[in-house]
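Please keep the model open in your viewer and follow the stops below in order, selecting each group as it is named.

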2 protein chains.
Amino acid sequence: MSGAISPLQKARSAYQPKLPLSLKNGSFLVKKGEVILPPVDRDRIKTLFPNTFGQPILTFEAGETNLSNHAIRVGVVLSGGQAPGGHNVIAGLFDALRTANSDNKLFGFLKGPIGIVKGNFVEITSEIIDAYRNTGGFDMIMSGRDKIESAEDLKSCLDNTATMDLNGLVVVGGDDSNTNAAMLAEYLKSNDSKCCVVGVPKTIDGDMRNEQIEMSFGFDTACKTYSEVIGNICRDATSAIKYWHFVRLMGRAASHVTLECGLSTHANITLISEEIRSKGMTLAEVADGIVDTVIARAAKGRNYGIVLIPEGLLEFIPELKSMIDELATMLGDKDTLETVRSFDTHEERTQYLSSMFSALSAKAYASLPEDTQAVLLNIDSHGNPPLSQVETEKLLIDLVKQRIASAKKQGKTAAKFTALSHFVGYEGRCAAPSNFDADYCYSLGYTAAQVVRAGFTGYTVSVKNLNQPASEWVAMATPVTSMLNIERRLGKDVPVIKKALVELDGKPFKMYAQNREKWAVEDDYVYPGPIQYFGPSEVCDVTPITLQLERG
Amino acid sequence: MSGAISPLQKARSAYQPKLPLSLKNGSFLVKKGEVILPPVDRDRIKTLFPNTFGQPILTFEAGETNLSNHAIRVGVVLSGGQAPGGHNVIAGLFDALRTANSDNKLFGFLKGPIGIVKGNFVEITSEIIDAYRNTGGFDMIMSGRDKIESAEDLKSCLDNTATMDLNGLVVVGGDDSNTNAAMLAEYLKSNDSKCCVVGVPKTIDGDMRNEQIEMSFGFDTACKTYSEVIGNICRDATSAIKYWHFVRLMGRAASHVTLECGLSTHANITLISEEIRSKGMTLAEVADGIVDTVIARAAKGRNYGIVLIPEGLLEFIPELKSMIDELATMLGDKDTLETVRSFDTHEERTQYLSSMFSALSAKAYASLPEDTQAVLLNIDSHGNPPLSQVETEKLLIDLVKQRIASAKKQGKTAAKFTALSHFVGYEGRCAAPSNFDADYCYSLGYTAAQVVRAGFTGYTVSVKNLNQPASEWVAMATPVTSMLNIERRLGKDVPVIKKALVELDGKPFKMYAQNREKWAVEDDYVYPGPIQYFGPSEVCDVTPITLQLERG
């Protein structure tokens, strides 16, 4: 815990997050709804989850309570990347437990799931909670990316939760962590443990989303923080009138963050990986598209602009994906790997590999600037080409620069192209939660406590009607098994929660598609500014645009 | 002007900036104070500025006005890099002019000083002003970095201001722009122009500061925006517990921004260029200092941390400065330049140059990673080694990484060092002004209008008592000639306003020096969070820490 506290953090610690009306009034009952099954792969999932398959949806409604008030002990763990509001999940959990019975105990496992395996935890007291209310970060108990998968680790969890006499374990994480929570729930139940496992949907990427989960927590605050920064850069562009800014944003598996920021700021170009894959675009075509806009803006005297780029872009470009897969296969062969490593110069490596590539992959490889080729050949000990280390924003700048130079030589444009690159990511994952995320997370934690009190396991909590005022929110829980399907990962069939990608026929993307021509050539920027906590509601309580469009 | 407006911008447009009491009440007089002379180089400056030398300080006090209300016409220009609050300077100017006489006119010169030379301007109407109140950026009339120096340009300004029948020209800029304004004032006066020239002290760098100018505008908002981002990164560090973050910040000539951000966030290491130069430190010593902290934190189980780096660091390291100067001299010779360019490989270039360096410079050059050496040899058409293109944060990461690896081999530490680099700059220059900057800028513009109304030329306006509530602020104006000294730049003696560097015996640096050991090894981070506009005063109206310490 930090020694010094900023004036904002101090003022903000007094904020009392809102709850759905049903939970707020203290007297509520848990109601079983319809039994919900996975849409596909039912039999295989049932076989994997015999004890937790086929459970009903749960909702919480105002009324005479049907929950017992006997004292319980609950553990909580933060899993995976940080997202704004994690501390409020814990605060909601804590307050709900203490409200139900002042003898209830909450324990925080340290540094992620490994804390359960090793039995590393702290008791979470009201002093600790009060120091972290409405703060960003996961630093109260820290996070980690370990998974509980081996028989040995599962056994440790069984033993440790038994030793601690836990009635429940709340796992705060994304799609993989909730899947892992479901596996742990099944394992514990099959071993007659009383410990219920309940997941909370977390990820700034916004890709854990479905009919029950309208939005993962943290997305709103992270996108608002990124949009503040991007809006300021847009303002800089129209003031300095001489720079193109290429901004890479977090979101490897899906482009929700980039789309939300594009809708929030009206950046000139917002690249959406899902569209690029769907159109089967090449890297050259992506660069050409940007060049068209650079030239069109230059014709209007605007030698500046903003391009938003999702972190995972390259993996969505079919030719690059194939080339990378080929490269990985080639380097998977020990002899080839050793030969490549034996060369002294980049040129030798490239020549050798090019001869082994398919024609299409050779072309895709050749289309990359030498810097990028070199990064890809900087193979790790497993022989994986590190695509994630490519700075896509710089790669695109290089490609656009070459094309503009050549178009100028041919007299096709008088565009001046000077570009600056940015990566915006770490500034948003641990921002203090917006009012929306503060309320939402607190409600999620509060709901998770009720699921444990009611003795259900293998659930993910959620809150519906998020676009309405909090009083109209509906707290609920969905059996994780109903969200699973079977996917092939690293050569194995495994149950996973399907990642929600940007839907090209969804309203958020359509809104972008309808406006993109105007936003590309005009200066139609919006400057969202920093997150506000104390001002008028139309400033402080705005929900994400994606959510407004999808559920508005 | 953008088509769409964010909820915050809309709400914020209604904010009425505060004014010093004397100006607020509408009836005030301009009072001549003591005649103020430059501390050094008096005779030379007097010779250069015969018409504007030896003028008195001006203050504005409540009382029966001694200013005429005859209709006047005023131009305004934004010069140099953007700083939050520029639009409020123009709004203050506009409101002051219209309050004095509704027939007064304000014109904005477009794209910086070149707009005066070319006679490119717009009339600033109330519709324009209302669209830009309390917004960030310079996009209302844009900015530029041209200087008015040639006889031809000066003559154009004389002609254009005469054609436009201007009574005054307000130049919003930093030290160089205010110097340039003084030269224009002198020139116009010597040619019997009625057009007064008045400067407004702008720069996020905070290096235009002296007894009269407590703080340049924009510093507060930019540093608060950077500190928001840095605080969030600190939170990420303590949550993920596996990354060192190296953050480069704007401020080439002075380290005020870095120091302010260090004081605001208690980052583990805040490098101050002025201290490094004063101690004559080598680059290796700077890296060693960071390594010591990395090892000390690792011993406490903390394999994470934050290092703040001022943009201009390398130029303050004596050995590098000498080496760069030598290199520039060497490459200034055409034959040498051609020879260097004729080599195919970096190694050949390096070998050739190393033989020509002094022993010390050869060592300094050799101490740089190959990447950095290559950047330095990427010489421009004038033969200047582009030191500013070196990504200092990445350079330091490389040096620290090497040292930690070698210390590990020697068994001296078990530190894990994984580092991420950031450059934080463009996100702050055009942020919407904090309450402080909104009020301060509006007051500066309001004051500049009074100086023009009173018919004084060659002045820079300022506001004193900035740490007190705005009602106690004192509006004033200082003759620019009193702030000048003679410096040698590009081989010529020129009059310039001396840049204010971080003073090592000043209170802000001392505050850092007293706390740095604790901040280095402990997690004492402060998370300032985003700028707030509507909350409690202790959150929304905090002045920069530098100002509090210097004038508190």
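Begin by selecting A:Gln9, A:Gly136, A:Ala432, B:Tyr527 and B:Gly529, which lie nearest the centre of the second largest cavity, a space lined by 15 residues. A cavity here is a set of points, on a 1 Å grid over the protein atoms alone, where a 1.4 Å probe fits but cannot get out, and its lining residues have an atom within 4 Å of a point. This second largest cavity holds about 120 Å³ of space, where a volume is the space filled by probe spheres set on the points, with grid points joined across faces, edges and corners.

The model is predicted, so local features need pLDDT of at least 70 and side-chain atom pairs count only at pLDDT 80 or more, while totals for chains, interfaces and linings use all residues. Residues are numbered from 1 along each chain as its sequence is written, chains are lettered from A and ligands numbered from 1 in the order in which they are written, and side-chain values use heavy atoms, with hydrogens and water left out.

Next, colour α1 (7–12) of chain A and α9 of chain B, each of which supplies at least two residues of the lining of the second largest cavity; α1(A) gives the most, with three residues. Helices (H or I, at least four residues) and strands (E, at least two) are DSSP runs, numbered from the N terminus. The lining of the second largest cavity divides into six nonpolar, seven polar and two charged residues, counting Ala, Val, Leu, Ile, Met, Phe, Trp, Tyr, Cys and Pro as nonpolar, Asp, Glu, Lys and Arg as charged, and the others, Gly among them, as polar.

Now move to the largest cavity, with about 180 Å³ of space, by selecting A:Tyr527, A:Gly529, B:Gly136, B:Ala431 and B:Ala432, which lie nearest its centre among 19 lining residues. The elements giving two or more residues to the lining of the largest cavity are α9 (219–240) of chain A and α1 of chain B.

Then show the contact between the chains (heavy atoms within 4.5 Å), which takes 62 residues from chain B and 62 residues from chain A. In chain B, pick out B:Arg235, B:Ser239 and B:Tyr426, which lose the most area to chain A, together 14% of what that side buries. The area buried between the two chains is about 4600 Å², of which carbon and sulfur atoms give 54%; buried area is the accessible area (1.4 Å probe) that two parts lose on being put together, summed over both.

On the side of chain B that touches chain A, α9(B) contributes the largest share, ten residues.

Finally, select A:Arg252 and A:Glu315, a salt bridge with its closest N and O atoms 3.5 Å apart.

Notes:
1 Å grid on protein atoms, 1.4 Å probe; cavity = no way out; pocket = protein on both sides within 12 Å on 5 of 7 lines; lining within 4 Å. Salt bridge = Lys/Arg side-chain N within 4 Å of Asp/Glu carboxyl O.
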